[in-house]
Amino acid sequence: MTIVINGSGTVTGISVGGLPDNTVDNGTMADDAIGVAELSATGTASSSTFLRGDNAWAAPGGIANACQFRVTSNWNPSDSWTDITANWEVNDTAGYSTLGSAVTESSGIFSFPSTGFWYITFGGMADYNGSAVNWASLELQATINNSSYTALTLATAGIADGGSNTYTQLNGDAILDVTDTSNVKCKLRTETDADTTWHGATANNQTWITFIRLADT
């Protein structure tokens, strides 16, 4: 086919793919010559999305999942390592709301609604029962195979023999990469070297755990 340069400045006779590589660059293309329809991207383009590096339209980043659980009553476990398996509830104090899909709990095992990098923060309040406690420990454990658990964070403090109502407050946090919601889970457990009461309540957080999804894995 003959290539014709028309008087109007247009060119006819060139088929798709007929130009050599690098013939057309940014400087030779008119503004708005390529629109959304010409881009080979997944998702939906709109005023509230952007084109990611993987050529997909997505909403701007932000926290989409956040939830919190607490233990509702006091308990006195054995001095050896003991999982906190009972009396968990979702925070229901006025002003709290779960954001997005929530983590679920069953017998003290927490399962995630979606993969991603999850920030976990936890705390527990304890007091002694008549004698000093050299250590009271609260530990966050996780599994990546829905079977064997390993420690992510250990928080430990002593409780002096200061009479009744002598307390300690333990806090810790961790980031867990949840790559598989069926296999990656977590739990809290306690250990002390002497008789200790751990505290829970239905009106406020005394022993608690919070989950916040940060980003895709």
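**Entry 1: model.** I'm working from a predicted model.

**Entry 2: ring pairs.** I looked up the aromatic pairs and got 7 of them. I started with Phe-69 and Phe-110: ring centres 5.2 Å apart and planes at 65° make this pair edge-to-face, since the cut-off for that is over 60. Phe-69 belongs to strand β5 (residues 66–71) and Phe-110 to strand β9 (residues 109–111), so the contact ties together parts 41 residues apart in sequence. Phe-69 is buried at 6% relative accessible area, and Phe-110 is buried at 0%.

Next I checked Trp-75 with Trp-198, which is a stacked pair, with 6.2 Å from centre to centre and 25° between the planes. Trp-75 is in the loop between β5 and β6 (82–83), while Trp-198 is in strand β15 (residues 196–199), so here the parts tied together are 123 residues apart in sequence. Trp-75 has 18% relative accessibility and counts as buried, because the limit is under 20%. Trp-198 is also buried, at 1%.

**Entry 3: charges over rings.** I noted the charged end of Lys-187 over the ring of Tyr-149, 4.3 Å from the ring centre. Arg-189 has its charged end over the ring of Trp-81, 4.1 Å from the centre.

**Entry 4: surface.** I then turned to a nonpolar surface patch made of Ile-63, Leu-99, Phe-117, Ile-175 and Leu-214, with about 420 Å² of accessible area together. I followed up on Ile-175, which sits in strand β13 (residues 167–178) and is exposed at 54% relative accessible area.

Terms used
Residues numbered from 1 in each chain as written. Predicted model: local features only at pLDDT ≥ 70, side-chain atom pairs only at ≥ 80, totals over all residues. Heavy atoms only, no water. Patch = residues over 30% accessible without salt bridge, like charges linked within 9 Å, V, L, I, M, F, W, Y side chains within 5 Å. Areas by Shrake-Rupley, 256 points an atom, 1.4 Å probe, with all protein chains shown as cover. Salt bridge = Lys/Arg side-chain N within 4 Å of Asp/Glu carboxyl O. Helix = DSSP H or I, 4+ residues; strand = E, 2+ residues; numbered from the N terminus. Buried < 20%, exposed > 50% of the residue type's maximum accessible area, 1.4 Å probe, protein only. Phe/Tyr/Trp six-rings, centres within 6.5 Å; stacked < 30°, edge-to-face > 60°. Lys NZ or Arg CZ within 6 Å of the ring centre and 35° of its normal.
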